[in-house]
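Please keep the sequence and the coordinates in view while reading.

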Amino acid sequence: MTAQSRRPMDVFSFVSAADTQISPDGREIFYVHTTRDIETDEKKNVLKVSSDRQTWTEVPETRGVIVARWAPDSRRVAMLRKVGDKTEVVVRDIQGGTSTVLTETTRPMRELAWSPDGTRVAFQMRIEEPLPAWLGLATPPAGAVWAPGVRYTERVRSEEHTSEL
């Protein structure tokens, strides 16, 4: 298919692979497989795993996966999974076939990591609360001249540009 023959509907035939992870024991590999559903115009993310890098199997209960990481034991995978308006932290036993939801929230989550011993999972989540006083910025003593204060940017303006496909 040449660039001239592409049409906007072709987006529904695209497939992407991202966040490839090799298990710590080197025996398996997974990636986040993304397609677009023509009926709902939504992205469909699932985890696919392989032990021979030739045949790939969809891991059950991984629809909506955002990011995933192998546990140090190479048996479990922790993932952030979007389900409706919530994001879940889930641990899936790849060999045993069971999933455990550790937590869920409507707040955005990102990043995911296992503790070295495989007993804990860490993730980042924005919390809308004021910082405790001890985390605030220092103030200059009387008569001191300090550099200008920190500039904090919460939103950046973006210009939209359109062109023919």
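W56 counts as partly exposed because its relative accessibility is 32%; the classes use a 1.4 Å probe on protein chains only, with buried meaning under 20% relative accessible area, exposed over 50%, and partly exposed in between. The model is predicted: local features require pLDDT of at least 70 and side-chain atom pairs pLDDT 80 or more, whereas totals for chains, interfaces and linings use all residues. Residues are numbered from 1 along each chain as its sequence is written, and side-chain values use heavy atoms, with hydrogens and water left out.

A search of the whole structure returns 2 aromatic pairs. Rings of Phe, Tyr and Trp (for Trp, the six-membered ring) pair if their centres lie within 6.5 Å; planes under 30 degrees apart are classed as stacked, over 60 as edge-to-face, and the rest as tilted. The ring centres of F30 and W70 are 5.1 Å apart with planes at 40 degrees, so this pair is tilted. F30 belongs to strand β2 and W70 to strand β5, 40 residues apart, and the pair thus links distant parts of the chain; strands (E, at least two residues) and helices (H or I, at least four) are DSSP runs numbered from the N terminus. Y31 is buried, with a relative accessible area of 13%.

F30 and W70 also belong to the largest nonpolar core, which has 12 residues in all, including V32, L47, V65 and M79. Such a core is a set of buried Ala, Val, Leu, Ile, Met, Phe, Trp, Tyr and Cys residues joined through side-chain atoms within 4.5 Å. β2 (29-37), β3 (42-50), β5 (65-70) and β6 (76-83) each contribute at least two of its residues, and β5 gives the largest share, 3 residues. A second, separate core of 9 residues includes A71, A78, L80 and V91. In soluble globular proteins, nonpolar side chains tend to be buried together.

β5 and β6 pair in the antiparallel sense over 5 bridges; strands pair if DSSP finds at least two bridges between them. V65 stands opposite R81 in β6. The hairpin of these two strands has 5 residues between them, and there S74 adopts a positive phi near 65 degrees.

The structure holds 8 salt bridges, each a side-chain nitrogen of Lys or Arg within 4 Å of a carboxyl oxygen of Asp or Glu. One of them joins D73 and R76 (3.0 Å, N to O); D73 is partly exposed at 38% relative accessibility, as is R76 at 23%. R81 forms another with E88, with the closest N and O atoms 2.5 Å apart, and both of these residues are buried.

K86 forms a salt bridge with E104, the closest N and O atoms being 3.4 Å apart. Since K86 lies in β7 (residues 86-93) and E104 in β8 (residues 99-105), the pair ties together parts 18 residues apart in sequence. β7 and β8 pair in the antiparallel sense over 6 bridges, and T105 in β8 is the bridge partner of T87.
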